[in-house]
Amino acid sequence: MSCFACPNPPSQEAIQQALTILQNSIHYENGTVPLKDPLSNACHSQLDYHITAIEAAFSAFKSQSDLHVAHLKRYRNTLSPVHKLPNELLSTILLLSFDHRNYTLHTLQRLARVCKAWHKIVSNTPSFWTRINFDAPPHVLRLFLHKSKSSGLAIECCTSSSDSVLPSKVEDFVEMTHKYAPRWTSFKYKGNATQRIMRNIESAGKEKLRELSVHFSWHYRQSWLFNLPKDAPLERISLTSASLDWTAACKSQLRNLKSLELKDLHMNPPKLHLMVEILTASPELESLVLVGITTDSDDASASLANGLLEPTAPAIHLSELHSLLLKNVPAHFHTCFLSRIVAPRCRRLIDDAVPPQLFAIPAEESSAQQEPRLFDLLTRPIIRASPKLVISAQERLNHIRLVTNPEPSDEASFRPGVDLTFETDVPMTDLLRISQFVGAALSPPFDEEHINSGPQVIVKAGKMWWWDDDQDVVILPPAALEALHPYLVHLEIGRGVNGTQAVHWLAQPLVPLSPTNSPTRFTTDPLGIEVVP
């Protein structure tokens, strides 16, 4: 019986013939070795001769059989459907099988060891050899540069302050790769800023450079100023402590972007009107990240005077935007972007200082006549699609947070959901406002099926730490919980909060949900109440 599918398996006769040839090659007689005197030297020599002959015959037979089996296996592999694909299509599939942002020579070697066909494709396809990494040994860099031929190159040079790497070595690497600057498609640098490095960045990639990531080592309230590579068709830009001539860049290069990330720009940051110009000129923007941007008060006054913060200001249409992150940026940035951006595909919204007025709910008599606010259009689809919502007024009761992913996570990793925080002086009043906003975003449904499949809402209120001052006691309004029914499943009351009225309200019978009754809703899920001592 054959151990694998083969069109022509060896017959029993062929196997017997091979054994006969093996037996005859060592002069066997009826399967035994004639011995006259086992103790004589002649007999030992004869025995050694027969042992050597058997081993040689067996080795020759095994070599021939291994070659034959390998040939049959190769033929069997050619019958696999994957080998019927054209090499161009198969190479494309293999390129998609690993992460192009983080792979090494070892990754390609593992892929090439699958079979001869894959080895040939990996070895002869330049697209597999385009990642030039500072951490790779010199002979690996030469190999990648040779095999990539004329394909575009992704240059990466990342160091940290803890690395014992000489600055001259980093500069030599950047200068060495600069010889291939016309082939650059991506350049990522993280480390110290030097004039030699910035000079090489500014004069590179005029034809193919589409992704530029420059993260200079952080210095307190300092941003390095450099120029973008001239005429480079940039689509993705990420800058940390690396500022630009924003006025000139907006007119020529900061257009048609797909990703923009700016962090720690404390010196020479972009003005709000320039940021609006960048976003307006990039309708296909997919991700916007602004973290740690400092502007002067004059920019806020000028933005207000120019009408950038007015509710009637023109909308910024970003139809492809899926992620928006604003942290430690000026207040007028929050107001402008959250009230003017139209992004129907946004699935990730993180903001650490949302203006409270954006959570205002229009009066019922006027809501039917007014068009939906852009902030509502931006946030409500994300809220409705979230499996869990946590509304918390905790710590020192100086801020309220609405979040779908309360667990800490890496900002770089994409996690759908909302994370909105704003500071306030009257936390329970704003908690009511946010609860009404969330309740309006989740309603209606008027059928129990949608209620059961909707998000689960958790409310946490109170000072959670024993060292907090308990003198200022605030009242948890029952109307905030009423606005969240029937989605409220857990209530947690901590120090500094009087929840007597809220718990008393929860003990009352709730009116079943119907299209005609009051906003009070019915839930079949038991509400968990936790009082933190």
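Mentor: First, the ground rules. This is a predicted model, where local features need pLDDT of at least 70 and side-chain atom pairs count only at pLDDT 80 or more, while totals for chains, interfaces and linings use all residues. Residues are numbered from 1 along each chain as its sequence is written, and side-chain values use heavy atoms, leaving out hydrogens and water.

Trainee: Which residues does F337 touch, not counting residues up to four places away in sequence?

Mentor: Contact means heavy atoms within 4.5 Å. By that rule, F337 touches L272, M275, L279, L290 and L326.

Trainee: Which residues touch the most other members of the largest nonpolar core?

Mentor: A nonpolar core is a set of buried Ala, Val, Leu, Ile, Met, Phe, Trp, Tyr and Cys residues joined through side-chain atoms within 4.5 Å. Buried means under 20% relative accessible area, exposed over 50%, and partly exposed in between (1.4 Å probe, protein chains only). The largest such core has 119 residues, and those touching the most other members are F128, L290 and F337.

Trainee: Which helix gives the most to this core?

Mentor: Helices (H or I, at least four residues) and strands (E, at least two) are DSSP runs, numbered from the N terminus. With 7 residues, the top contributor is helix α15, residues 427-442.

Trainee: Why are the buried residues of α6 on the same side?

Mentor: Helix α6 spans residues 138-147, and its buried residues are V140, L141, F144 and L145. They share a side of α6 because they cover an arc of only 135° around the axis. That arc is taken from the directions from the helix axis to the C-beta atoms.

Trainee: Which exposed residues does the opposite face of α6 carry?

Mentor: The buried residues of α6 pack against α4 (105-112), β1 (131-133), β2 (153-158) and α7 (167-178). The face turned away from that buried side carries the exposed P138, H139, R142 and H146.

Trainee: Which residue of β8 stands opposite T240?

Mentor: Two strands pair if DSSP finds at least two bridges between them. Strand β6 (residues 236-240) and β8 (residues 259-265) run parallel, joined by 5 bridges. Opposite T240 stands K263.

Trainee: And which residue of β6 stands opposite H215?

Mentor: Strand β4 (residues 211-216) pairs with β6 in the parallel sense over 5 bridges. In that pairing, S213 has S238 as its bridge partner. H215 stands opposite T240.

Trainee: How many residues of β6 are buried?

Mentor: Strand β6 is mostly covered. Of its 5 residues, the buried count is 4.
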